[in-house]
Amino acid sequence: MENHGLGDLKTLGPVEEWPIGRLFGAASRMSGPIVWRIIERHGISPAGFFLLRLLIAEDGLRPGEVAKRLLVTPATVTSVVDTLERNGHVRRERSYRDRRGVMLLITDSGRRFLAEKSGPIGRDLARLYDVVDEEDEAAVRRFLLKLIHKFENHSSDEEAKGDGA
């Protein structure tokens, strides 16, 4: 398996001495390709898997809403839905409220697929992220929740407050 390690970033000094932000950024960038491969081993793209999970929780969403929730472009949703539709896992249906709108609906095949694959994918991902000691879990959770909150509330006004460098 190809290693997408830190490579040239090690020129920034010993990893153990990096600031938290750099460590978080490096871990985030490195996780994407690995998570992608783990999920793809189960016969579906990550975007397809998370789209099906979203529809299990809230069936009948519009593609634009799916794009917002999955943090992807509408074009990505269109491509993923095309594949899922070909595989019989979702269907497009005209909105009963607005005949121009389209809703995405999970099919019985999509439900069966998730029932079969969610457990194994979840176990594989849990093994990947099983790096926090039990006594550290609360602190790591607090850090991540605070960081997510900060990202959600970040504005371009805050960026303007910088030193301009």
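How many residues does the largest nonpolar core have, and which of them have the most contacts inside it? The core has 24 residues, and Leu-51 and Leu-52 have the most contacts inside it. The model is a predicted one.

**Whole chain**

Start with a cartoon view. The chain has seven helices and two strands, and from the N terminus their order is α-α-α-α-β-β-α-α-α. Switch to a surface view: the accessible surface is about 11800 Å², with 54% of that belonging to carbon and sulfur atoms. Of the 165 residues in the chain, 25% are buried. Among contacts with a separation of 6 or more, 51% are between residues 24 or more positions apart.

**The core**

Next, select Leu-51 and Leu-52, the residues with the most contacts inside the largest nonpolar core. Then colour the elements that supply at least two residues each: helices H1 (20–40), H2 (46–57), H3 (63–70), H4 (74–86) and H5 (108–128), together with strand E2 (102–106). H2 gives the most, six residues. In soluble globular proteins, nonpolar side chains tend to be buried together.

Keep Leu-52 selected and show what surrounds it. Beyond its neighbours within four places in sequence, Leu-52 is in contact with Ile-44, Leu-84, His-89, Val-90, Ile-106, Gly-110, Phe-113 and Leu-114.

**His-89**

One of those contacts of Leu-52 is His-89, so select it next, in the loop between H4 and strand E1 (90–94). Is His-89 buried or exposed? Its relative accessible area is 10%, and because the cut-off for buried is under 20%, His-89 counts as buried. Leaving out residues up to four places away in sequence, His-89 touches Leu-52, Leu-84, Leu-105, Ile-106, Thr-107, Ser-109, Gly-110 and Phe-113.

**Charged pairs**

Now show the side chains of the charged residues. Side chains of opposite charge can pair when their charged atoms come close. The structure holds 11 salt bridges.

Go to Asp-59 and Arg-111, which form a salt bridge with their closest N and O atoms 3.6 Å apart.

Select Lys-117 and Glu-116 next. Their side chains meet in a salt bridge at 3.7 Å, N to O. Lys-117 counts as buried at 18% relative accessibility, whereas Glu-116 counts as exposed at 53%.

Then move to Arg-127 and Asp-124. What is the distance between the closest N and O atoms of this salt bridge? They are 2.3 Å apart. Both residues lie in helix H5, three residues apart, about one turn of the helix. Arg-127 is exposed, with a relative accessible area of 56%, while Asp-124 is buried at 11%.

Conventions
Residues numbered from 1 in each chain as written. Predicted model: local features only at pLDDT ≥ 70, side-chain atom pairs only at ≥ 80, totals over all residues. Heavy atoms only, no water. Core = buried A, V, L, I, M, F, W, Y, C linked by side-chain atoms within 4.5 Å. Buried < 20%, exposed > 50% of the residue type's maximum accessible area, 1.4 Å probe, protein only. Helix = DSSP H or I, 4+ residues; strand = E, 2+ residues; numbered from the N terminus. Contact = heavy atoms within 4.5 Å. Salt bridge = Lys/Arg side-chain N within 4 Å of Asp/Glu carboxyl O. Areas by Shrake-Rupley, 256 points an atom, 1.4 Å probe, with all protein chains shown as cover.
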